[in-house]
Amino acid sequence: MPLTPHSVHDLAEAVLGCVCVALDTAAADGVEGALGCPCRACVIPGAVAWDGCDAIEGCGGDGGAPGQLTVSVARIYPAGQNFPAEDRTVQGVRGCTPPPLTAAELIITLLRCAPVVDEGGCPPSCEELTEAARAVHVDAATVYSALWCCLPGLGPNPRRPRRFTVGGQRIIGPEGGCVGLEQRVTVALPGCGTCPGEDAS
């Protein structure tokens with residue numbers, strides 16, 4: 001079934017908001033190493049540009065947590081009852097029976113500042129590296145848990161939670177002064193749109 005024009009973007013925005021709230025909650029609860037939701041948090045098109053791990057712009061001068069949180073769409077594909085497996089049914093042979101679901105694979109990327117070599121050429125201390133590792137590990141657990149807690153409630157019908165699969169998470173970097181995590185999740189989007197030219201009623 002066709003998607004509505006905003007199905008994918010609305011999902012990405014909802015996931016971004018869910019993760020952001022979880023990061024802020026961890027910081028507000030005093031979790032050691034929790035830095036909060038970065039003030040640079042957005043849904044982006046395509047690949048992530050690693051240029052905001054220390055960014056605090058866009059906070060209206062009120063400060064905010066450094067870093068960059070993004071949600072992007074990796075791919076969209078037809079899925080059937082064996083979600084999240086891709087439906088490869090050949091169409092146009094006997095009528096046209098679109099798959100009941102569309103799968104959207106999202107990538108959540110969270111970047112923070114990484115300790116770097118100082119002006120004298122000395123590497124970061126073990127204390128600095130441990131502190132950075134703690135922050136990344138707290139972020140990793142928070143993002144992972146947030147998806148499990150939020151995704152069931154993001155569907156249009158509370159009695160029928162959305163189907164989803166949480167994929168692998170990996171630590172990325174350090175590179176260019178940034179270190180962080182990349183988390184993938186695939187969510188089923190039910191078809192509820194109309195094809196061009198069809199009567200919406």
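## Strands and pairing

Two strands pair if DSSP finds at least two bridges between them. The strands themselves are DSSP runs (E, at least two residues), as are the helices (H or I, at least four residues), and both are numbered from the N terminus. With that in hand, look at V73: it stands opposite L106 in β3. Strands β2 and β3 pair in the antiparallel sense, over eleven bridges.

Before going on, a word about what you're looking at: this is a predicted model, where local features need pLDDT of at least 70 and side-chain atom pairs count only at pLDDT 80 or more, while totals for chains, interfaces and linings use all residues. Residues are numbered from 1 along each chain as its sequence is written, and side-chain values use heavy atoms, with hydrogens and water left out.

## The sheet

Now zoom out. There's an open sheet of five strands, in the order β1-β2-β3-β5-β4, with mixed pairing. At the edges sit β1 and β4 (164-175), each pairing on one side only. From one strand to the next, the twist averages 20°.

## The helices on the sheet

Helix α1 covers residues 7-28, and its 22 residues should span 32 Å at 1.5 Å a residue, which agrees with the 32 Å between its end C-alpha atoms. (The expected span is 1.5 Å times one less than the number of residues.) After α1 comes G30, with a positive phi near 80°.

Which strands does α1 lie across? They are β1, β2, β3 and β5, and α1 runs at about 145° to β2. Helix α2, on the other hand, lies across β3, β4 and β5, at about 5° to β5. These angles run from 0 to 180 degrees between N-to-C directions, using axes that are lines fitted to C-alpha atoms, for helices over the stretch in contact. Contact means heavy atoms within 4.5 Å.

Some of α1 is tucked away: its buried residues include V8, L11, V15 and L23. Buried means under 20% relative accessible area, exposed means over 50%, and partly exposed is in between (1.4 Å probe, protein chains only). Among the elements covering those α1 residues are β1 (38-43), β2 (65-79) and α2 (126-150).

Start with V187 in strand β5. Is V187 buried or exposed? It counts as buried because its relative accessibility is 0%. Leaving aside neighbours within four places in sequence, its contacts include L11, F83 and F164. V187 and F83 are 104 residues apart in sequence, but 9.2 Å apart in space, C-alpha to C-alpha.

Next, P100 lies in the loop between β2 and β3. P100 has 40% relative accessibility, so it counts as partly exposed.
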